[in-house]
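Have a look at the model below before you read on. I've jotted down a few points to follow along with.

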Amino acid sequence: MRIGNKNFDLSNQVLIMGILNVTPDSFSDGGKFNNLDASLRQVEKMILDGADIIDLGGESTRPGHTQISDAEEIERVVPMIEAIRQRFDIPISIDTYKGSVGAAALAAGADMVNDIWGFKYDPSLAEFTAKYQVPCVLMHNRNNQTYQHLMGDIIRDLQESINIALKAGISRDAIILDPGIGFAKDYAQNMETMHHLEDLQSLGYPILLGTSRKGFIGLTLDLPVTERVEGTVATTVIGIMKGASIIRVHDVLENKRAAQMTASILKGAPWTNSI
């Protein structure tokens, strides 16, 4: 899969996607990086720590978040995309579910779309993704936590998102799936989704896992958001063992090392850039 100016073999590589929230209210790091200088320093650090992709978000999607206007979100993300593009050679993903924000971000130089609603909130985002011929991450989400059969329902919901993407003209080899840990799922459902993550491979697309510092880790370990690195690393290892190709995290260095070790064991060989 080509993301920006880089080619990745997601059948044999594990990528680390570093999270950059340019928001005042994200659940884990709200306010830390919502100015240009602080954000660029964080991008540089994540690159040095081993990030393969930067995922930029301009609106918090934590539970109970307040939706902001498209214009405000664009004002937050576009200058950041332009600044990152000028200074660093790393693919940029835009974390948004709004068509106008996605269009502005892609025009500014974003290389990928990461939609927490899997194109179901605003199908025009799929059209812009197709227009710019960039990859997309389709995350599982819904408006309730009522399931007949959890994994079967997740797979059916994701297939609906895939159909929207294909209908818009997005190629099959540009689609990545995210099980949506922490979204439309209670504690037990999050744990079950992690336990059966390999079921998503039946759809035939690469899997992105985003568990970083999330609530189910805090509930399991009885720890605040600032002390969930080790719990996140455990989910990274399990996720890779169950087929995840991209790991989306705040703490790049620790998860990069865990990913390298896990992939090396699974391959039975030392880590290389081709693993």
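1. Helix 9 gives the largest share of the lining of the second largest pocket, 3 residues. Helices (H or I, at least four residues) and strands (E, at least two) are DSSP runs here, numbered from the N terminus. Strand 10 (244-249) and helix 9 (252-267) each supply at least two lining residues. Keep in mind that this is a predicted model: local features need pLDDT of at least 70 and side-chain atom pairs count only at pLDDT 80 or more, while totals for chains, interfaces and linings use all residues. Residues are numbered from 1 along each chain as its sequence is written, and side-chain values use heavy atoms, with hydrogens and water left out.

2. The volume of that second largest pocket is about 350 Å³. Of its 18 lining residues, Leu-10, Ser-11, Gly-243, Ala-244 and Ser-245 are the closest to its centre. On a 1 Å grid over the protein atoms alone, a pocket is an open set of points where a 1.4 Å probe fits, with protein on both sides within 12 Å along at least five of seven lines; lining residues have an atom within 4 Å of a point. Points are joined across faces, edges and corners, and the volume is the space filled by probe spheres set on them.

3. Now find Ile-94, which sits in strand 5 (residues 92-95). Is Ile-94 buried or exposed? It's buried, because its relative accessibility is 0%; the cut-off for buried is under 20% relative accessible area (1.4 Å probe, protein chains only). Beyond residues up to four places away in sequence, Ile-94 touches, among others, Val-77, Met-112 and Asn-114, where contact means heavy atoms within 4.5 Å.

4. Ser-93 stands opposite Met-112. In a regular strand, side chains alternate between the two faces of the sheet. Strand 6 (residues 112-115) is covered on both faces, with Met-112 and Asn-114 buried on one side and Val-113 and Asp-115 on the other.

Note on methods:
Buried < 20%, exposed > 50% of the residue type's maximum accessible area, 1.4 Å probe, protein only. Pairing = 2+ DSSP bridges.
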